[in-house]
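Could you take me around this structure, one selection at a time? Open your viewer, and we will go from stop to stop together.

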Amino acid sequence: MTLMKPLMGAAASLALTAGAALAEPALIFDLGGKFDKSFNEAAHGGAQRWAEETGETYREIELQSEAQREQALRRFAEAGANPIVMVGFAFADALGQVAADYPDTKFTIIDMVVEGDNVRSVVFNEHEGSYLVGMMAAMASKSNTVGFIGGMDIPLIRKFACGYAQGVSAANPDAKVIANMTGTTPAAWNDPVKGSELTKAQISQGADVVYAAAGGTGVGVLQTAADEGILSIGVDSNQNHLHPGQVLTSMTKNVGNAVFEAFSDGADMETGFSVMGLSNGGVGYAMDEHNASLVSAEMQSAVDDAAAKIASGEIKVHDYMSDDSCPALSF
Amino acid sequence: MDFLTIIQLLDSTVRLATPLLLACLAGLFSERAGIFDIGLEGKMLMAAFFSAAVAAVTGNVWLGLLAGIGSSLLLAALHGVASITFRGNQLISGVAINFLAAGMTVLIAQDWFQQGGRTPSLIGGGRFTPFDLPFAGSVSGVPVLGPIYSELLSGHSILVYIAFLAVPATWWVLFRTRFGLRLRAVGENPAAVDTAGVSVVGLRYAAVLICGLLCGIAGAYLATALQAGFVKDMTAGRGFIALAALIFAKWRPWHAMGACLLFGLLQAIALRFQNIELGGITIPVQAMDALPYVLTVVILAGFVGKAIPPRAGGEPYVKER
């Protein structure tokens, strides 16, 4: 036993120094899981791209519960991973507590702002991208009623809904937006059955285009929309291929780029606040062979025009999170 | 609220109540025989995955259903071995099954399909299609009764009809057959059954396997009829709501149907109307979501009659000391 202790201590410190010397970057996925066909998967894609281009490796973990957030952060920081990228607003509290304890480690949080000298906060102007797909929805709708289905009811998802509603009323002031949230717990991200029922409920109220910003629940929304013969709009990643010819477009959020940049910058990454919007390609809408027949040239030119105006500041899209209210939609 | 909205609401109620009803009847068989089962959720999830996986690979939804039932039976047998043969704690075994299912489904799905813990979307014969009752199309023009028949009763998946037929079947088996009498007796006083020369272990295994069968159908319904594929954790707590419904129904089949339809209706209302205005008061959607649990607590607290579980429930039967 007396001999074991120093031996184990030596082994442990060796492991620590080995970790520090490598300084691999690390990526922490949120509860939605690495392959949610959406937000987390986009982050995974960015990390994979970095790994392929540089030939280096990175570490990753998929969280299973809320309690693991701080633990995972500390584990990676102790092991010498640098930078540590986490995807999801929910890391804010954990990072706020951990960041100061590891001043030499750089952290990147996506979708939330955390103060700290060693933290880069990347937020996306989802309301701008949602505005564009809202315009497309309003132009594609024949019933003048469009739907929105959110995942968990949090300010971030309301930001999507609010931008969408503004886009809808910009393209067609008479159009009606029906907005529903799936739930108030994290289970709302993975309940496609509820997503289906919400879609059916919206269809029976006249909606003929639905926009799903709901993680795994969105799979059920898109499926039901395709079954019932109406159009749907995907989110975060390009989801047009899920039901070719029946997904109008997808609001893309370049989470992968944010991860890629953080990994490329490595340990000397610049910290602070970074906004990814229409002007720098952070958000947008997806066009490919699967939805080419659904989007008319007229629609596309109107949306591109609006995109240019938003980028130049001519059109201001209200951000729900700036004052927790939405002029175009009541929740 | 117009007539058509009510029909649509009830239609949604039927769809949402079906998995609850199947799981609730599953729990009913098991608990009436004295085996508590909080692993309904896990069995449904496992069945949902295997039914979707096999249906995706073979393109035949009936093979999928069989695979779903088979996987659920396997977990049920595991629960049986742990809690009947080895006399382990039934709650612990149930929790273990839930964890096992949550982890295994994603792991196997990732290994087989590399789509991140989900199965490919089911197409064509890989899904249960709506089943039209005879004359559904021709009577839809009849006022009031027409829409009720063609919209509400017709056009569901065949599994929905199986679920609702399972209610009278359960009642008949439990209350009108010798097997049912013994099964109920084994949940109240297993020693008496043993004295009569009937195998307690055999009866309890039978009950647990019937539970597995019904959970299998419930899981297959979620993945191949309501949805077109498996997504991780897609049961989303329905197994626990079914348990709540079982307590609410005081372990009786017809009441179980009533409880599941009520819970389904509450969900349907919550999905259809986000916030309900009632005479100046706004009821938020969260209140509707919580209502099934609140009602169950009220029942358990003994405000509305008493919910008395089978007396020997939760206790392994020891023949000799």
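Start in chain B and select helix H11 (residues 253-272) and helix H12 (residues 285-300), whose axes come within 9 Å and cross at roughly 170°. Axes here are lines fitted to C-alpha atoms, for helices over the stretch in contact, and angles run from 0 to 180 degrees between N-to-C directions. Helices (H or I, at least four residues) and strands (E, at least two) are DSSP runs, numbered from the N terminus. H11(B) and H12(B) are therefore roughly antiparallel to each other, a term for angles over 145 degrees.

Now show the side chains in between. From H11(B), the contact takes B:Phe263, B:Leu266, B:Ile269 and B:Ala270; from H12(B), it takes B:Val285, B:Met288, B:Asp289, B:Leu291 and B:Pro292. Residues are in contact if their C-beta atoms, placed from the backbone, lie within 7 Å. The residues of this contact comprise eight nonpolar, no polar and one charged. Ala, Val, Leu, Ile, Met, Phe, Trp, Tyr, Cys and Pro count as nonpolar, Asp, Glu, Lys and Arg as charged, and the others, Gly among them, as polar.

A word on the model and its labels: it is predicted, local features need pLDDT of at least 70, side-chain atom pairs count only at pLDDT 80 or more, and totals for chains, interfaces and linings use all residues. Residues are numbered from 1 along each chain as its sequence is written, while chains are lettered from A and ligands numbered from 1 in the order in which they are written.

Next, move to chain A and colour its open sheet of six strands, in the order S2-S1-S3-S4-S5-S11 with parallel pairing. Strands pair if DSSP finds at least two bridges between them. At the edges lie strand S2 (59-62) and strand S11 (272-276) of chain A, each pairing on one side only. Inside the sheet, pick S4(A) (residues 107-110) and S5(A) (residues 119-124), parallel strands joined by four bridges; A:Ile109 stands opposite A:Ser121 there.

Then select strand S10 (residues 247-253) of chain A, where seven of seven residues are buried, meaning that 20 or more other C-beta atoms, placed from the backbone, lie within 10 Å of a residue's own. S10(A) is parallel to S9(A) (residues 231-236), with five bridges, and antiparallel to S12(A) (residues 283-285), with three bridges.

Finally, show both chains: 23 residues of chain B are in contact with 24 residues of chain A. On the chain B side, the largest share, four residues, comes from H1(B).

How values were computed
Angles under 35 degrees count as roughly parallel, over 145 as roughly antiparallel, 65 to 115 as roughly perpendicular and the rest as oblique. Two residues are in contact if their C-beta atoms, placed from the backbone, lie within 7 Å. A residue is buried if 20 or more other C-beta atoms lie within 10 Å of its own, exposed if 12 or fewer, and partly exposed in between; C-beta atoms are placed from the backbone.
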